Amino acid sequence: MNMHQAEVVDHVEASGGYRILTVEVPSLAKTVKPGQFIHLRIPRMDGAVLRRPFSVYMAHGKEMAVLYKLVGRGTHSMKSIGKGEILSMIGPLGNGFPMLQSLKVPVLVAGGYGVAPLAFLASRIKKKGIVFIGGAKASDVLCVKDFKKLGWEVRIATDDGSAGEKGLVTKILDEWLSVLNPVELLEFFVCGPDGMLKAVAERAKRLDHTAWLSLDKHMGCGVGACLACVQKIKRNGVVSLLRVCREGPVFEASEIVWE
Amino acid sequence: MTRSKKWPEMGVTIAGIKMKNAVMVASGTFGYGPEYADLVDLNKLGAIVVKGISLNPWNGNNLPRLVEVPGGLVNAIGLQNPGAEKFIKEYMPFLRKYDLPVIVNIWGRSVEEYVEVAERFDSVKGVSALELNISCPNIKHGGIAFGTDPRMAKKVISSVRKRTRLPLIPKLSPNVSNVSMFARIAEDCGADAVSLINSLPAMVINVETRKPVLANVVGGLTGPAIHPVAVKMVWETANAVKIPVIGMGGINNAREALEFIIAGATAVAVGTANFTDPLTSLHVINGIEEYLKRHALNSIKELIGTVHT
């Protein structure tokens, strides 16, 4: 973890309501792992005292990118960030996804912009796998090209049926699981809303597969000092409140104690 | 005029603790040390006040625990902490590696709990002082009654005083009509210094759901918004007691820290700003030094309580 000055090299709209911010920050780009995040100080946000956390979407050479959705005051303030601007970032933060276990097939399940760290993960996994992407409508389905370029199989579900199949991402996941050879060894990597994480965790448990979930909790300091983002985790029979920003954001599904 | 080899003199002494400068990091905003150690050279700080410790581990409040408001934060973490034993075992060895006074913030839900946790730290190597949280507004039981009731404040401070040899620094609540009266109570009970202010009681409502944003319903406001409130209370307190005053509340830069010093504080603590920029405390130290040079002052001590009113 360190503080970095990152120079903006690109800032574009990805699809309706989503944007990609690319910065040149060699020290961070070289060390950050899939599933880790950075804590960004958003410029020109009057009265703001908190940074905003973003999981990393891409890191290559000197460059690193985040993919974000315009949801609140912070992300709307980010729209004005222009090329050449210097941004303050703390990172890399959090534990990130573990390495894929050999012999296993990577199965990625994403909801909305939760696909960003999974696209980064896929770019670092040698083995080709399958990704299930869910969203409310077609414009919420992101990074499809990234996965296809890597030779991954992509399956899509949207609430309104405007892209892929109509329904929840877990529906198309269930369909795929039902016709799968039961001896196939799978490893799940999941990022999205809590309901989706929980649904995938249940399936992984039922089928006895490992699932890694990246949690999204409202954060304060981002480094483990404020204890705003804790999660109940059961390890070795003991339940404790661990920090999503420090011990997470990635936890093994069976460790999570759902409220 | 002879100038010492180190000019200007930045060091201060509080409750017998020699600090290399007057800038601490405030309880609850800097963890137990390791959290920020990659970013901040802890040896450069005047002192660290660690996050509040109780005798036994404590889980704190449900989530959400934190919400940003213009100019600050409202938090209701609920004093989650690993308890005294685990803190001593897991964090004190780390903290002892640094040339850094460690002030342990302690709290309890009864006088007996305060006394017990204070006693536990009495023989712990590397602990410089105890900061007594008698004012946290986040805990439904206890805290609020001690810090806002003169008799309860007297009881808890004097009880702890009798059972610890460590310097004692009660942290005063701003949620009272006359803060200097509580400072005098602390002084009369044998406190070595007082620190203030703790957070201001606050509430944020989501108008779409008509529900409070924080799970605890109410929380404590900190950050730039409370700075002028804190300066006023520190000024009143410094005029009322002879023991040193540690000023805190919304410090973002050296100027805001200097306001506390000029109002009468011997030292200051940086809190919420650690979240915005972890290097704030170091910037404040450099800024104070630059100010002393610019005003041709030999020592920060020459500045304490010099406000012209």
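Mentor: The side chains of A:Arg73 and B:Glu68 form a salt bridge, 3.9 Å from N to O. The term needs a side-chain nitrogen of Lys or Arg within 4 Å of a carboxyl oxygen of Asp or Glu. This is a predicted model: local features need pLDDT of at least 70, side-chain atom pairs count only at pLDDT 80 or more, and totals for chains, interfaces and linings use all residues. Residues are numbered from 1 along each chain as its sequence is written, chains are lettered from A and ligands numbered from 1 in the order written, and side-chain values use heavy atoms, without hydrogens and water.

Trainee: How many salt bridges across the interface of chain B and chain A?

Mentor: The rule finds 3.

Trainee: And what area do chain B and chain A bury between them?

Mentor: About 2,300 Å², with 61% of it on carbon and sulfur atoms. That is accessible area (1.4 Å probe) lost on putting the two parts together, summed over both. The contact (heavy atoms within 4.5 Å) takes 29 residues from chain B and 28 residues from chain A.

Trainee: Switching topic: which peptide bond is cis in chain B?

Mentor: The one from B:Leu63 to B:Pro64, with omega near -5°. Chain A has a cis bond joining A:Gly248 and A:Pro249, where omega is about 10°.

Trainee: What about phi of A:Asp208?

Mentor: Phi of A:Asp208 is near 60°, a positive value in a residue other than glycine.
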